[in-house]
Amino acid sequence: LIKMADITSISFAVMVFKETFSGVENGDVIYCDPPFTPLSETDNFTAYTAGSFGPEEQRALSACAVEAGREGKPVVLSNHNTEFTRALYGPHASRIEFFDVRRFISCDGANRANAQELLAVYGHEAESGRPDR
């Protein structure tokens, strides 16, 4: 684990992920919070900007994370826990965690429920190895 006392500086940047990965230096840690993959075929909340962030962009982001991880540059990716994201992130992540979150944004406020999310970590080996999924 990294202790807060060990951190000398923190920078946050909002940019196209390919630009982020091209500027990574040794000692950096990247956290990616892309538009989440839809939970169902009718769910389409993936267009935060004029361009969409669909399956091809998710695959490209995953490839960047894998490459950075192989270079020893830690990457943490968050997304919905779906069959697609497990298949995309799981095989190459050094660690993957699943957890429930409560959704506060919904067109039907009375039926807001927990959603499963995942965190995939690349380039950092867990002390006990990969956890069972």
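Student: What covers the buried residues of α2?

Tutor: The cover includes α1 (17-22), β1 (30-32), β2, α3 (83-89) and β4 (114-122). Buried means under 20% relative accessible area, with exposed over 50% and partly exposed in between (1.4 Å probe, protein chains only). Helices (H or I, at least four residues) and strands (E, at least two) are DSSP runs, numbered from the N terminus.

Student: Where do the numbers come from?

Tutor: This is a predicted model, where local features need pLDDT of at least 70 and side-chain atom pairs count only at pLDDT 80 or more, while totals for chains, interfaces and linings use all residues. Residues are numbered from 1 along each chain as its sequence is written, and side-chain values use heavy atoms, leaving out hydrogens and water.

Student: Which residues of α2 are buried?

Tutor: Among them are Leu-61, Cys-64, Ala-65, Val-66 and Ala-68.

Student: And what comes just after α2?

Tutor: Gly-72, with a positive phi of about 85°. Lys-73 then sits in the loop between α2 (55-70) and β2 (75-80).

Student: Is Lys-73 buried or exposed?

Tutor: Buried, because its relative accessible area is 15%. Not counting residues up to four places away in sequence, Lys-73 touches Val-24, Glu-25, Asn-26, Ala-68 and Tyr-122; contact means heavy atoms within 4.5 Å.

Student: What does the side chain of Lys-73 make a polar contact with?

Tutor: The side chain of Glu-71, at 3.3 Å. A polar contact is a pair of N or O atoms within 3.5 Å; within protein, one must be able to donate a hydrogen and the other to accept it, and residues adjacent in sequence count only if both atoms are side-chain atoms.

Student: Overall pattern along the chain, what is it?

Tutor: α-β-α-β-α-β-β, which comes to three helices and four strands.
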